[in-house]
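Subject: Structure handover

Hi there,

As promised, here is the structure for you to open in your viewer. My notes on what turned up in it follow just below.

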Amino acid sequence: MQHLLTAQTDIQARTGSGPLPSTLITPALDEFEALILWGMRQWMRAHKERRCATGSILDAFEFSGLVPALAPLNRMMTMLVLGSRRSLAIANTPAAPLSIDEQVLLRMLNAARQRQTDLVESRLSMWMEQVSIRATAQAALLLAQTVYASGATAASDA
């Protein structure tokens with residue numbers, strides 16, 4: 001099935017691949033979202049290449065003063081990979097357009113940043129069985145708290 005407005009197939013629209021729509025509007029990402037998106041993509045790339053995912057993002061997180069965010073990011077991504085009912089469309093290259101799954105994850109993490117646990121769990125329920133949702137949501141909440149408290153506070157103080 002093709003999306004009439006974009007001439008993309010369903011899988012192309014979900015993954016951000018295929019021909020780009022003529023009126024593509026990429027949502028603007030704040031510093032929090034850009035860092036998390038980069039971290040998720042690097043994690044996914046390392047995972048697909050069967051390398052240590054945490055090691056591939058350590059330097060950037062260390063440079064940003066966000067080493068405490070590595071554990072919750074790793075936990076969240078591991079739970080997403082292992083607990084999702086389907087393979088999530090998370091790109092493994094930094095320049096790829098945002099997929100729908102990535103947009104949903106960023107919205108979920110923004111809800112986590114504002115401690116909206118019900119909304120975080122609701123978004124995760126689209127992909128995961130009930131038994132995995134709470135642990136994944138807790139990792140997302142901790143990730144958002146750690147990154148936002150460290151990164152956003154430091155950036156706004158400068």
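Let me begin with a pair of charged side chains: Glu121 forms a salt bridge with Arg134, with 3.9 Å between the closest N and O atoms. A salt bridge here is a side-chain nitrogen of Lys or Arg within 4 Å of a carboxyl oxygen of Asp or Glu. Glu121 lies in helix H6 and Arg134 in helix H7, so this pair ties together parts that are 13 residues apart in sequence. Helices (H or I, at least four residues) and strands (E, at least two) are DSSP runs, numbered from the N terminus. Glu121 is buried at a relative accessible area of 17%, whereas Arg134 is exposed at 53%. For these words, buried is under 20% relative accessible area, exposed is over 50%, and partly exposed is in between (1.4 Å probe, protein chains only).

Before going further, a word on the source: this is a predicted model, in which local features need pLDDT of at least 70 and side-chain atom pairs count only at pLDDT 80 or more, while totals for chains, interfaces and linings use all residues. Residues are numbered from 1 along each chain as its sequence is written, and side-chain values use heavy atoms, with hydrogens and water left out.

Now the overall picture. The protein has 7 helices and 2 strands, and from the N terminus on they run β-β-α-α-α-α-α-α-α. Of its 158 residues, 40% count as buried. Its accessible surface comes to about 8700 Å², and carbon and sulfur atoms account for 56% of that (Shrake-Rupley method with a 1.4 Å probe; for residues, only the protein chains shown count as cover). Among contacts (heavy atoms within 4.5 Å) between residues at least 6 apart in sequence, 62% join residues at least 24 apart.

Back to the charges. The count of salt bridges comes to 7. One of them links Glu129 and Arg85, whose closest N and O atoms are 3.7 Å apart. Glu129 sits in the loop between helix H6 (117-124) and helix H7 (130-157), and Arg85 in the loop between helix H4 (70-83) and H5, so the pair ties together parts that are 44 residues apart in sequence. Both ends are partly exposed, Glu129 at 42% and Arg85 at 46%.

Another salt bridge joins the side chains of Arg51 and Glu49 (2.7 Å, N to O). Arg51 is partly exposed at 39% relative accessibility, and so is Glu49 at 42%.

Which residue is buried yet has no salt bridge? That is Glu33, for which the nearest side chain of opposite charge, Arg113, is 5.0 Å away (Lys and Arg count as positive, Asp and Glu as negative; His and the chain ends are not counted). Glu33 is placed in helix H2 (residues 31-48). Leaving aside neighbours within four places in sequence, Glu33 is in contact with Ala28, Leu106 and Asn110.

Asn110 also turns up beside Arg113: their side chains make a polar contact at 2.5 Å. A polar contact is a pair of N or O atoms within 3.5 Å; within protein, one must be able to donate a hydrogen and the other to accept it, and residues adjacent in sequence count only if both atoms are side-chain atoms. Arg113 belongs to helix H5 (residues 100-113). Not counting residues up to four places away in sequence, Arg113 touches Asp30, Phe32, Ala144 and Tyr148.
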